[in-house]
Amino acid sequence: MQDLKNYIDENKDRFIEELFELIRIPSVSSKESHKEDMYKAAEWIKTKLIKEGVDHAEVMETQGHPVVYGEKILNPALPTVLVYGHYDVQPAEPFDLWKSPPFEPEVRDGKIYARGANDDKGQMFMHFKAFEYLLKTNQLPCNVKFMIEGEEEIGSPSLGKFCEDNKEMLKADVILVSDTSMLGPKTPSITTGLRGLAYMEVEVTGPSHDLHSGLYGGAVANPLNVLCQMIASLQDENGRITIPGFYDDVEELSKEEREEMARAPFDMEEFKKHISINDVRGEKGYSTPERTGIRPSLDVNGIWGGYTEKGAKTILPSKAHAKISMRLVPHQESGKIEQLFIKHFEAIAPKSVKVKAEFLHGGEGYVSPTNTVAYQAASKAYETTYGIKPIPVRSGGSIPIISLFEKVLGTKSILMGFGLDSDAIHSPNENYALEQFYKGIETIPHFYKNFVEMSK
Ligand code: BES
Ligand code: MN
Ligand code: MN
């Protein structure tokens, strides 16, 4: 692939212009008001795939936002790679914290700034350009299928059924995904683990209506006070989650496995500086990378109730709410954790309030072995473009559909992410370094080549 670097170099500005067209469509999956944009983005992707040279592509309906499917079948006897990505993005709020508007992409200091610049429009689009190169230069070594969904950021609620209904169409030897990060621009890594998720919303109800806090304060349970106490009790002084049975299925790693993990570089000072904190905090007995990589966690994502406008209002609110998520590790089942959470939350509620806990969404974690052809092919691909062997790393993030792919389709995934931890995904000023984008396009064709050769 002598010409690969040249090809990228000659076309690099066009690649960015094309990606910007997609980024300009505000495909926020969680908002009803963006329903039309979901179709616009899906149609854009379909049109692009056809232009790139797939045999056929279509926008397929699901119970929710559509999936774009496309394929290039050279010869059924050859291996097939299924590329998965998502065209939906997280909401861009708070808008006023963006230096440039989230859906008006801009390059500053060698980085693309926009919602979706990395997650996952930028990363997904690297696969389109790698495919374009392979096809145009007659070097595509296998069959390729594309499945780009529009509901990843809301937990892929329709994709399980979509896979069940289209098993034959989605048949592949491996699923190739760029929706994770790597350790650093000079330190390639392959994500070998993802956490699962159980996302709950809780409601605590006290009196039937807001009360005068002078006439009732001190004599009636305040749902906000109670909720805060309940939440605080969900973790003990060692940072362990107190829900009975919560750790039952958590796999304890061996000393050797933990030592192996500890070899991945981690700069604590850099970590703290980047997010402006003075100290870290987490489960006792585990390092920071372990706390996100191999241990579960519990976080309040939002809490509300009572009076939050300007000025003071003296009330004792009737209701309090919170959104609480638990990141899970492989073998912990989100359905079981949901039940344990609800049971415990009801058990610790004082008689003076009523509580409700509801499961919003969730999914299972994933561990990918390193002794597979796909891992070796990916490893060699990074080695070719970066000059060093990538490090296997367990990420704290979740892509729930990855474990479902294995369950429903029987196909394993390889997570070749090119994001950086500094990309601010889901945050204001999300960005993606041009260098990462181009390196990704350069690395992917090597994966295809290696995968086909090593599969023989
Ligand atoms: N691409 C991310 C997940 C990710 C990012 C994994 C970086 C590893 C490294 C994905 O789009 C995401 O945000 N997932 C959600 C899942 C949820 C909405 C069900 C997450 O992790 O919060
Ligand atoms: Mn993503
Ligand atoms: Mn995301």
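Of the 18 residues around ligand 1, the ones that come nearest are Glu152, Asp179, Arg327, Ser398 and His426. Please keep in mind that this is a predicted model.

**The ligand site**

- Sorted by class, the shell around ligand 1 holds nine polar, five charged and four nonpolar residues.
- Glutamate 152 has a side-chain N or O atom 2.7 Å from an oxygen atom of ligand 1.
- Aspartate 179 places a polar side-chain atom 2.7 Å from a nitrogen atom of the ligand.
- Histidine 86 also takes part, with an N or O atom of its side chain 3.2 Å from an oxygen atom of ligand 1.
- On its own, ligand 1 has 520 Å² of accessible area, and the protein covers 90% of this.

- How many of the six residues of strand β2 are buried? Six of the six are, so this strand, residues 67-72, is largely enclosed by the rest of the structure.
- In a regular strand, side chains alternate between the two faces of the sheet.
- In β2, Val67, Tyr69 and Glu71 point one way, while Val68, Gly70 and Lys72 point the other way. The residues on both sides are buried, and the charged names Glu71 and Lys72 are among them.
- Strand β1, residues 56-60, runs antiparallel to β2, and five bridges join the two. Within this pairing, tyrosine 69 of β2 has glutamate 58 opposite.
- β1 and β2 form a hairpin, with six residues between the two strands.
- β2 also runs antiparallel to β6, again with five bridges. Here glutamate 71 has lysine 145 of β6 as its bridge partner.

**Cis peptide bonds**

- Most peptide bonds are trans, and most residues other than glycine have a negative phi.
- Glutamate 93 and proline 94 are joined by a cis peptide bond, with omega at about -5 degrees. Proline 94 sits in the loop that runs between β3 (80-86) and β4 (106-108).
- Which residue does a cis peptide bond link to aspartate 119? The partner is aspartate 120, and omega is near -5 degrees. Aspartate 120 belongs to the loop between β5 (111-113) and α3 (121-136).

**Positive phi values**

- Asparagine 138 is not a glycine, yet has a positive phi of about 60 degrees. The loop between α3 and β6 (143-149) is where asparagine 138 is found.
- Is asparagine 138 buried or exposed? Asparagine 138 is exposed, because its relative accessible area is 73% and the cut-off for exposed is over 50%.
- Histidine 331, likewise a residue other than glycine, has a positive phi near 90 degrees. Histidine 331 lies in the loop between β13 (319-328) and α9 (334-347).
- Histidine 331 counts as exposed too, because its relative accessibility is 54%.

Key
Residues numbered from 1 in each chain as written. Chains lettered and ligands numbered in written order. Predicted model: local features only at pLDDT ≥ 70, side-chain atom pairs only at ≥ 80, totals over all residues. Heavy atoms only, no water. Near = heavy atom within 4 Å. Polar contact = N/O pair within 3.5 Å; in protein donor to acceptor, adjacent residues only side chain to side chain. Areas by Shrake-Rupley, 256 points an atom, 1.4 Å probe, with all protein chains shown as cover. Helix = DSSP H or I, 4+ residues; strand = E, 2+ residues; numbered from the N terminus. Buried < 20%, exposed > 50% of the residue type's maximum accessible area, 1.4 Å probe, protein only. Pairing = 2+ DSSP bridges.
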